[in-house]
Amino acid sequence: MDFRWWRRSFSGALLSWMFLFLRISCLDKAPDFTFVHEATSAPLEIFYDYIIVGGGTAGCPLAATLSHGDAKVLVLERGGSPYTNPNITDIGNFASVLLDKSPTSPAQPFTSEDGVYNARARILGGGSAVNAGFYSRASTPYIKEAGWNQKWVEQAYEWVEQVVAFQPPMLEWETALRDGLLEVGVLPNNGYTFNHSYGTKVGGTIFDKEGHRHTAADLLEYGNPSSITVYLHAIVHKVLFRRIPGRARPQAYGVIYKDANGVKHQAYLNSDPKNEIILTAGAIGSPQLLMLSGIGPGYHLQKHGIQMVVDQPLVGQGMADNPMNVLLIPSPLPVEVSLVQVVGITRFDTFIEGASGLSLVYPLAQRLAKSFRLILNEGNYEPFKVVPEAKPIAVDTVNEVVNGTLRAGVILEKITGPLSRGHLELRNLDPDDTPFVTFNYFKEPEDLRRCIQGMRTIISVINSKAFSKFRYKKMPIEALINLMLTLPINNRRRHANAMFSLEQFCIDTVMTIWHYHGGCQVGRVVDKEYRVLGVDSLRVVDGSTFHQTPGTNPQATVMMLGRYVGERIVHERYLSRRSEEKN
């Protein structure tokens, strides 16, 4: 029997904070976008002023913004609509999205070459339609380093927040996590805020008070319906280039895409030098599409038989994924269903977050009990130790775990950066097939040091007075560590010393928090205005341009970036038009 499907499915559930949610019926009426259609209804040849490839977290706000200029905007999204899928719109079905392994799943599964299970959004709204919903801005130093205009950034964030950001309800488990972080020294208490500052805070969420998700697709409400067209299930295969006499560089002038029936379509730019194709296909899709279109390392393109447009060795380089490590904490008390609401922003470059609402199924409870018994029989290692006099009492806890329904939450740590980098290479010529991706988790020793400090902070929070009522007092930390080592959370080797070495534990149990980025970085593949170097009329605007993840969670900044760059493009077009009129 092939257990790979089960392993990935189990991991998907665990990666979605490892809890099976209570179903909450809270579907609001879906937006009635008259400009959204299936690609099967599209003409075989169409012309627009802007062609946006990817209706994701950046693509939707970008399209809505550009539609208010004097231009026609086309969005080509390879996935479907989030409004027809209750697993997306309902917080109670969050885990189901990541468990969907169907060919049209909105969270396309893949495994990196590091052996870490991951997912790639395939839905209008992109990652904002399948993530845990936490909303938090980038720090002021990050904004300055990116060279963005602070005033424009602030306005762009506010534009996004009017539609998709909400204050989460703070119930008992999340409150205990917040108070535990404060107790162990993750100070100060910054209260409820979108801003990024050292200390502990309650951030925003894209789930409203009824538990209904609001994605980047909702930002299309800002769009001018007479100037924008969105085609779903439209898979772009390549960007088309031409050479124009008098121009030194190739110019992007169109794209080839296929609809759900496999029919080939072509979309072209209208004849105006200000018109552009903009890739917003994400940190995997954008570098992949550049390579498929002939922009990338020459030797790699030649290997796949792709005609080279620009030999650009830095396309696909600088790929990074912020490593996540977690502990699952069984609770003797019922816990609320919550996604990430609280974050501890430490001064050693680690973020501590948590989620709750899991009722552990019997086999998982049995596995935890087995881990607990192992510790009771053999655990005599620093920094964790079960003293002899505690063992008889602890046996009662084992029985309670086995005989009852085990409720739980998870506390995770994610390091900033990271410093470790990898690369992306084409697997084949199919744009819908995820390429080979290597992230090189913990290649840089500083990343591993941060993980160790983060895990120590998690352990301190679990042992804090504030969190005490949500953990079994007699259950040692090493039982929780051993449990993580026995679960199929990734496809990496387990080492015997990982139970007693936080360093090895970080390496062996690393997971993704879906914050991967890089591949088309500013200054390497695109300039500071996100124009692709070496060609004309082509930009990339998404997380592939980042050198590191912005703040604790990137979605707020990716949505902001779509709006920000859109505003700059509209402004440039306006100034150019005024200049033409004067002349």
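**Exercise 1.** Is R577 buried, partly exposed or exposed?

*Solution.* Before we start, a word on the ground rules: this is a predicted model, where local features need pLDDT of at least 70, side-chain atom pairs count only at pLDDT 80 or more, and totals for chains, interfaces and linings use all residues. Numbering runs from 1 along each chain as its sequence is written, and side-chain values use heavy atoms, with hydrogens and water left out.

Step 1: get the cut-offs. Buried means under 20% relative accessible area, exposed over 50%, and partly exposed in between (1.4 Å probe, protein chains only).

Step 2: look up the value. R577 has a relative accessible area of 25%, so R577 is partly exposed.

**Exercise 2.** Find the salt-bridge partner of R577 and say where both residues sit.

*Solution.* Step 1: recall the rule. A salt bridge is a side-chain nitrogen of Lys or Arg within 4 Å of a carboxyl oxygen of Asp or Glu. That rule gives 22 salt bridges.

Step 1: name the partner. R577 pairs with D70, and their closest N and O atoms are 2.6 Å apart.

Step 2: R577 lies in helix α15 (residues 555-582) and D70 in the loop between α2 (59-66) and β4 (73-76), so the pair ties together parts that are 507 residues apart in sequence. Helices (H or I, at least four residues) and strands (E, at least two) are DSSP runs, numbered from the N terminus.

Step 3: check D70. Its relative accessible area is 46%, so D70 is partly exposed too.

**Exercise 3.** How many disulfides does the structure hold, and which handedness goes with C451 and C506?

*Solution.* Step 1: count. With a disulfide taken as a pair of cysteine sulfur atoms within 2.5 Å, there is one.

Step 1: identify the pair. The sulfur atoms of C451 and C506 are 2.1 Å apart.

Step 2: read the torsion. About the S-S bond it is about -95 degrees, so the disulfide is left-handed.

Step 3: check accessibility. C451 is buried at 0%, and C506 is buried at 0% as well.
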